[in-house]
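Here's a short tour of one protein model, written for someone new to reading structures. Have a look at the picture first, then read on.

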Amino acid sequence: MRTHRSPLAVVRNLGILAHVDAGKTTVTERILFATGTTHKRGEVHDGTTVTDFDPQERDRGITIFSAAVSCSWDGHRINLIDTPGHVDFADEVERALRVLDGAVAVFDAVAGVEPQSESVWRQADRHGVPRIAFVNKMDRAGADLDAAVASIRERLHPAPLVVQLPVGAEDAFTGVVDLVRMRALLWPGGDALEDAPVPDGLRNEARTRRRALEEAVAELHPGALEEFCDTGTLGERTLASALRDLTRSGDGVVVLCGSAYRNRGVEPLLDAVVAYLPSPLDVPPVRGTHRGEEQYRPADPDAPPAALAFKVHATATGRLTYLRIYSGTIEKGDTLWDASAGRTERIGRILRVQADRHAPLDRAVAGDIVAVVGLKSARAGSTLCAPDAPLVLEPPGVPEPVVSVA
Ligand code: GDP
């Protein structure tokens with residue numbers, strides 16, 4: 001088991017997947033707000049959201065183009081890759097899924113699983129992306145966590161593992177009981193979050209649901225089963241580590257709930273992202289080809305560099321190419337081989353994109369997601385690698401146009 005000694009262990013390359021209108025943009029905004037990345041909450045309806053920075057997106061009210069934003073939570077760096085929710089942009093979702101290590105799938109607590117949530121879920125299955133489910137809009141009239149979970153079980157995954165019990169319903173949704181820690185997280189008003197004992201009136205239900213969670217986990221996880229058989233119960237640590245294993249293997253899907261609009265449930269969601277979703281070290285080495293031969297590159301900063309360009313934006317600062325670095329280290333001024341275009345490219349500036357600003361970096365290592373300035377030919381789907389260790393990560397497809405941002 002890896003420890004936190006490697007700086008990569010604290011990286012989470014995360015995407016938010018959802019049916020249009022389930023609340024992906026609002027969840028993203030609240031994550032940026034909760035992590036201190038933005039200080040003012042953007043609202044979808046007034047066009048001030050940070051990730052939807054393209055004017056065309058603002059006008060149309062849907063997220064069209066992906067953008068990657070880095071933020072910090074509990075000593076971890078979360079690189080948030082925005083994925084379009086609209087079915088017309090399936091290719092973009094596909095490419096974003098390629099560079100993610102984990103995702104949060106957002107559902108509407110009234111509608112449950114909707115057709116587009118199902119198609120994006122299947123795409124994520126194909127890419128083997130581990131997921132957490134977030135049942136949003138718990139404040140809405142008719143919100144029903146159990147019904148949403150039933151629709152996840154029927155249509156998406158046989159093992160939804162519900163780790164929270166809502167406190168109050170609809171307008172009176174004011175918190176959740178964390179069934180792993182058996183503590184209540186309450187939002188008494190404003191943005192404050194209170195960690196409190198489980199309210200008296202919910203204690204029996206919380207115990208029953210905790211028991212159901214332990215049984216479901218023991219059924220799927222051999223280590224947990226052993227403890228469950230020996231002691232008749234599962235301790236908090238075993239439960240948490242089994243939930244992490246099941247999430248990463250794809251055998252189970254942890255389910256949380258909240259109301260992004262009311263800023264309820266986002267902090268526990270971030271805790272779950274950090275606790276359960278994988279770091280770049282926990283995912284298999286990336287596969288590429290060179291002259292028809294398969295090659296595998298580990299997330300090792302000392303291996304030859306290999307990176308995939310997944311987004312190109314023409315901005316006022318220049319042509320910005322978003323890269324997922326799979327192996328090696330890239331430095332400012334490095335010359336790399338664009339294996340897809342068959343030419344060399346020079347890395348000008350390396351930038352960490354933080355919502356509304358770009359922090360310059362001297363270098364970036366395997367596992368990271370950064371934007372670089374100076375690449376002339378790289379397109380979404382291009383591989384950039386060491387000239388003396390070439391490989392192609394993605395077979396060349398239809399070239400994508402460069403998107404202009406005012
Ligand atoms: P997206 O299309 O998935 O990005 O969804 P948006 O974040 O744009 O949200 C769609 C609509 O649902 C907007 O009008 C939001 O204000 C609203 N919305 C988002 N989250 C919540 C929530 O938790 N509760 C309620 N009642 N509305 C929400």
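Predicted model: local features only at pLDDT ≥ 70, side-chain atom pairs only at ≥ 80, totals over all residues.

Two strands count as a pair if DSSP finds at least two bridges between them. Keep that cut-off in mind, because strand pairing comes up soon.

**A strand with two neighbours**

Let's begin with β22, which covers residues 369-373. Which strands does β22 pair with? One is β19 (residues 349-354), joined to β22 by three bridges, and these two strands run antiparallel. Another is β15 (residues 318-327), which also runs antiparallel to β22, this time with five bridges.

Now zoom in on V372, a residue of β22. T321 has V372 as its bridge partner, and I350 is bridged to V372 too. So V372 links up with T321 and with I350, because a bridge is what DSSP counts when it pairs strands.

Is β22 mostly covered or mostly open? It's mostly covered: five of its five residues are buried.

Next up, backbone angles. Most residues other than glycine have a negative phi. M182 isn't a glycine, yet its phi is positive, at about 50°. N263 isn't a glycine either, and its phi is near 60°.

Where do they sit? M182 is in the loop between β8 (175-178) and β9 (183-186), while N263 is in the loop between β11 (253-257) and α9 (266-276).

| Residue | Relative accessibility | Class |
|---|---|---|
| M182 | 26% | partly exposed |
| N263 | 4% | buried |

Why does N263 count as buried? Because its relative accessibility is 4%, and buried means under 20%. M182, at 26%, counts as partly exposed.

Finally, a word on confidence. The chain has a mean pLDDT of 87, and 86% of its residues reach 70 or more. Over residues 40-48, though, pLDDT is below 50, and this stretch has 20 contacts in the model beyond near neighbours in sequence. Residues 50-66 also stay under 50, with 58 contacts beyond four places in sequence. As for the overall scores, the model gets ipTM 0.99 and pTM 0.89.

Key. Residues numbered from 1 in each chain as written. Heavy atoms only, no water. pLDDT = per-residue confidence, 0-100. Contact = heavy atoms within 4.5 Å. Helix = DSSP H or I, 4+ residues; strand = E, 2+ residues; numbered from the N terminus. Buried < 20%, exposed > 50% of the residue type's maximum accessible area, 1.4 Å probe, protein only.
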